[in-house]
Amino acid sequence: MEKNKKKKDVIRLERESVIPILKPKLIMTLANLIEHSSDRAEFLKFCKRVEYTIRAWYFLQFEDLMQLYSLFDPVHGAQKLEQQNLSPEEIDVLEQNFLTYLFQVMDKSNFKIASDEEIDVALAGQYLLNLPITVDESKIDKTLLKRYFTEHPQENLPDFADKYIIFRRGIGIDRTTDYFFMEKVDMIIARLWAFLLRLTGLDKLFSRRPRRQHKKTQKKDDEINPEADSEDMYVERIRLENMDLSIQNLLGKITIQEPSFDRIIVVYRRASAKPNTERGIYVKHFKNIPMADLEIVLPEKKNPGLTPMDWVTFLGSAVVGLVAVFSSLEMPKADLWVIFAILSTVIGYCAKTYFTFQANMAAYQNLITQSMYDKQLDSGRGTLLHLCDDVIQQEVKEVIISFFILMEQGKATMEDLDLRCEELIKEEFGERCNFDVVDAVEKLEKLKIISRDSIGRYYCAGLKRANEMLGVTTEEIVLKARQGSA
């Protein structure tokens, strides 16, 4: 087992709190587990009332969020700010209020800020993008987010947190099957180059790379449950660099595999000159982004070019080739075939470097186009609306699952309830998640449909009593009136 793990490139991924089950499927599956039809009908009514109530809780907060964003919408926000006739200080306060609401919604929707360590792990390999992509920092504002994190400090913030923030949620797997002819040629040359470096002892010189120092912080979950690692998810990276050399692999189609971020949201502001201060805040939403190709979501990217290492090998090969040619010409009997072979090798390598770069540029343009049309879900207001609905869906699912467990399995401590909810999700739906039991219990207590006994165990009200305590919602009255008028 250890031997296989050493050969394979495997990433350990922590389970996330997001419940990856569609709400209608969740409700119907749980309802079908209830024995009596009368209880089943009460449970369906309960689920509707829970959703209507939670929507009402968040309505005002989401309204404030959308109203604030209308002032910082990159398209029409400038006009609305002008109509408001606000001072720069007042605008600063409003934009910080918007970011506060936005980060709260992100947290409730189970999005996490990607840390330096996570990004380093994600970018440790190559997948489809084989060019170095960097952000043009001169085009990005450095005051908006810096001011926010000064007022709201957080741990494990990435180095670029003052310029842009990358939120991530959910893990998937991306697979691509192709011939990858140019990439295979690159891989063979890279292996030969690595062999020559090892042979000459220069590999130690080239392998020294500065590493960022990461803060080591122990998570609360690890303190409560030190065996949590056993429940983590392991995903193998299948990359060309690790491919076995064989005729079948070199000439046939192969499949490469990379873990992906299910959802990515990027928040930033463009830089601007002082007289015309840019106030627009960009919120972009992407899906299914391979970890190794995370650069495609970066804002204000520079046009990629040959790396310094490419130029060194390119010019170094040319110099070595020319020296070899002149040395051959100075010999008493110059061998034209040797000179021809050296020149052909140098010219061939230079041509290979150039055409590889062009092929990588074409692949980069294709990936950027794909990220714009296939992988970008929405931006601005559309992203915020999606987030608001996402928060409600997650909150509703947490309440329904935890109440169902207490209803069907009886009293439970916080730890037992957490474990039972995760077991239910795994057994009935084949999914794994780190159920947020604390948040679920808080909502159940706010709804006043659970209580605690003398030894701290939670128990719930009966279904009928729970529905009475939730009360008739406005939506039910409207639906009843509509049916009556029909």
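Reply: Buried means under 20% relative accessible area, exposed over 50%, and partly exposed in between, with a 1.4 Å probe and protein chains only. E95 has 1% relative accessibility, so E95 counts as buried. This is a predicted model, where local features need pLDDT of at least 70, side-chain atom pairs count only at pLDDT 80 or more, and totals for chains, interfaces and linings use all residues. Residues are numbered from 1 along each chain as its sequence is written, and side-chain values use heavy atoms, leaving out hydrogens and water.

E95 sits in helix α5, residues 88–108. Helices here are DSSP runs (H or I, at least four residues); strands are E runs of at least two, and both are numbered from the N terminus. Beyond four places in sequence, E95 is in contact (heavy atoms within 4.5 Å) with F72, L144, R147, R269 and R279.

Now the sheet. It is open, with five strands in the order β2-β3-β5-β6-β7 and antiparallel pairing. Two strands pair if DSSP finds at least two bridges between them. The edges are β2 (112–113) and β7 (376–379), each pairing on one side only. Strand β6 (residues 282–290) is joined to β7 by three bridges. F286 has Q376 of β7 as its bridge partner.

Last, confidence. pLDDT is the predictor's confidence in each residue, from 0 to 100. The protein chain has a mean of 82, with 76% of its residues at 70 or more.
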